Amino acid sequence: MADFPTGDEPKPARRQFLGATAALAVGGSAAAAEPRAADGAPDLSPLRERGGDLNQQLRRKTLKVRVERAKANYDEPIARHPTNGDEDRYPNKIGSDTRGLPHNARGEVDLAAWGLLRQAIDTRQQADFERVPLGGTRKLVNPLGTLAVNLEGISPPQILIPPPPGLAGAERAAEAVEAYWQSLLRDVPFHAYQADTQHPLVLAAAREIDALRGYTGPRDANGRVTPPLLFRGTARYVDRSDRSGSTPRHVVPPGVLDGPYISQFLLRDIPYGPQFIAGQLRPQKPGSDFLADPAEWLANQDGKAATRRLEFDTQVRYLQSGRDLAEYVRGGAPGFWGALQLLSTARSSNPLVVGGFGAALNPRNPYLALKTSASAAASWGTGYIQGLLTTATSRNIRANYWQKWFVQRTLRPEAFGGLVHQRLANGVSAYPLHADALGSEAIARSFAKFGTYLLSSAYPEGAPNHSSYPGGASSNAAVGATILKAFFDENHVIPDPVQPDPSDPAKLIPYVGPPLTVGGELNKLATNLGTGRNWAGIHWRSDAASSLPQAEEVGIALLRDERFTFHEAFQGFRFTRFDGSVAEI
């Protein structure tokens with residue numbers, strides 16, 4: 001949450017706030033007709049219904065909790081929201097996300113259309129968004145939805161994230177090189193990323209990425225990027241020692257480097273009562289790449305409908321490659337609904353019945369100490385957690401898209417690829433790209449493969465029409481992981497871990513290695529779903545990484561409000577954040 005207030009927020013007196021809110025809560029004709037005592041409180045003496053006094057207490061407690069939590073959430077200050085400065089730095093807006101608007105032949109935005117979009121962003125009025133001229137048929141994605149009022153948790157402007165990398169910097173160049181390598185390696189199975197690999201592309205990727213001065217991904221104890229560490233996920237926090245909030249701090253979430261690249265939650269059949277949802281997917285055909293053709297790329301930038309379609313293999317299989325992961329997250333993967341089913345369903349010894357992990361509950365769960373009462377959908381049960389997961393998703397997207405539309409407006413990787421192409425193929429020297437990108441082996445190999453310097457996409461439609469930073473799919477994954485870590489034992493060891501059979505990815509074989517825990521595999525699932533969009537070519541590493549702490553704050557705020565609603569004796573939530581520190585709620 002925000003640590004750095006702006007100092008210009010009016011703060012009403014607590015008594016004034018509570019008094020006004022309580023008056024509203026008991027107002028209206030029904031409340032006015034109630035008998036009142038001398039102090040204005042409801043007169044409870046005539047009540048004769050069963051549990052009358054206790055019912056009134058519950059009613060009053062409901063009001064009290066809602067008012068106090070609303071006040072506590074309001075008292076969280078508005079954060080400073082630093083940007084990378086690219087929007088002001090480049091008059092032609094080449095460092096900003098302009099997709100969906102009209103563009104010239106180079107892919108530079110029509111500045112009049114951009115001005116109308118900025119007007120709508122500044123006024124936040126629906127009528128102004130309706131005046132924005134589109135370059136095609138694809139619409140802008142949900143800017144108005146970010147402005148909805150949250151009745152639980154905090155509001156989007158109260159959450160601080162660091163700014164994205166700048167267009168011309170070494171970090172953005174490193175992310176671009178990584179993105180080009182991911183496009184080249186989409187069809188290489190993850191079992192080729194072993195320490196003893198002889199795969200030439202994997203070795204070349206590790207060698208070039210290791211030398212990048214702006215690379216923020218995982219490195220080993222010697223500071224090297226090795227094949228097993230390629231494309232593993234990270235989290236991007238604000239460095240709290242910098243009071244401006246402008247300095248990022250890069251960490252690897254616990255468990256992300258352990259075991260197979262793909263989380264156990266993505267490899268298992270999901271139990272669903274007497275049915276199950278298969279863990280296999282229908283994969284894209286190898287080589288299904290898009291947007292590397294200049295005409296197709298420009299039409300996509302304008303927001304025109306795709307003219308080509310994906311082709312799929314006829315055989316299903318378990319996720320074994322970057323392309324598989326990109327396809328899994330293409331439409332918004334339901335990873336955490338399935339994760340809850342796996343965690344909460346008992347293991348099965350019957351080969352005809354799909355079982356789950358039978359995970360232990362978080363030690364703070366109050367029902368572990370109760371001898372005569374069990375949890376259910378009202379509180380603490382699976383139905384209750386399902387409700388929190390869906391609520392957290394909508395509240396999280398409000399926070400995430402608010403940054404996309406009203407603060408950052410960062411260009412997508414495919415737009416960056418257009419700048420690379422114009423610079424290297426057409427000699428447009430005015431585009432200030434870093435030498436690490438312009439001299440990249442990955443980009444040269446991509447040109448040899450596609451005949452252009454454009455970044456290929458695994459999706460014919462490319463990215464959705466909102467900006468890149470922070471990542472939306474990864475933030476939904478992160479808020480889901482946060483909720484589940486609060487309800488299940490993170491240290492529970494996942495039984496019988498598996499991995500796709502290298503000789504037949506339609507089958508699973510046992511994974512043998514260090515234990516894999518619930519907390520670690522939830523963190524890995526969050527980073528898998530985020531980097532899946534990177535494998536597709538529509539997001540940067542920093543997008544996925546920054547979304548983890550952003551979504552974590554959304555989840556924590558929601559859990560904090562829920563904590564005050566329980567009647568059960570409860571010590572509070574306790575779980576591990578993505579940076580390894582402990583959250584106490």
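This is a predicted model: local features need pLDDT of at least 70, side-chain atom pairs count only at pLDDT 80 or more; totals for chains, interfaces and linings use all residues.
A pocket, as used here, is an open set of grid points with protein on both sides within 12 Å along at least five of seven lines, and its lining residues have an atom within 4 Å of a point.

**View 1. The largest pocket and its lining.** This pocket has a volume of about 900 Å³. Its lining is made up of 36 residues, and those nearest the centre are Asn73, Asn150, Leu151, Glu152 and Gly153. Helices α3 (52-75) and α18 (541-563) each supply at least two lining residues, with α3 giving the most, at 9 residues. By residue type, the lining divides into 17 nonpolar, 9 polar and 10 charged.

**View 2. Helix α7, residues 170-184****.** Here you can follow 15 residues that reach 21 Å from the first C-alpha to the last, close to the 21 Å expected at 1.5 Å a residue. Because 15 of the 15 residues of α7 are buried, the helix is largely enclosed by the rest of the structure.

**View 3. Asn534 and its contacts.** Look for Asn534 in helix α17, which covers residues 518-536. Its relative accessibility is 4%, so Asn534 counts as buried. Beyond its neighbours within four places in sequence, Asn534 is in contact with Gln182, His539, Trp540 and Arg541.

**View 4. Strands β1 and β2, an antiparallel pair****.** Strand β1 (residues 235-238) sends Ala235 and Tyr237 one way and Arg236 and Val238 the other way, and all are buried. Joining β1 to β2 (residues 248-251) are 4 bridges.

Technical notes: Residues are numbered from 1 along each chain as its sequence is written. Side-chain values use heavy atoms; hydrogens and water are left out. Buried means under 20% relative accessible area, exposed over 50%, partly exposed in between (1.4 Å probe, protein chains only). Two strands pair if DSSP finds at least two bridges between them. The expected span of a helix is 1.5 Å times one less than its number of residues. Contact means heavy atoms within 4.5 Å. On a 1 Å grid over the protein atoms alone, a cavity is a set of points where a 1.4 Å probe fits but cannot get out, and a pocket is an open set with protein on both sides within 12 Å along at least five of seven lines; lining residues have an atom within 4 Å of a point. Grid points are joined across faces, edges and corners, and a volume is the space filled by probe spheres set on the points. Ala, Val, Leu, Ile, Met, Phe, Trp, Tyr, Cys and Pro count as nonpolar, Asp, Glu, Lys and Arg as charged, and the others, Gly among them, as polar.
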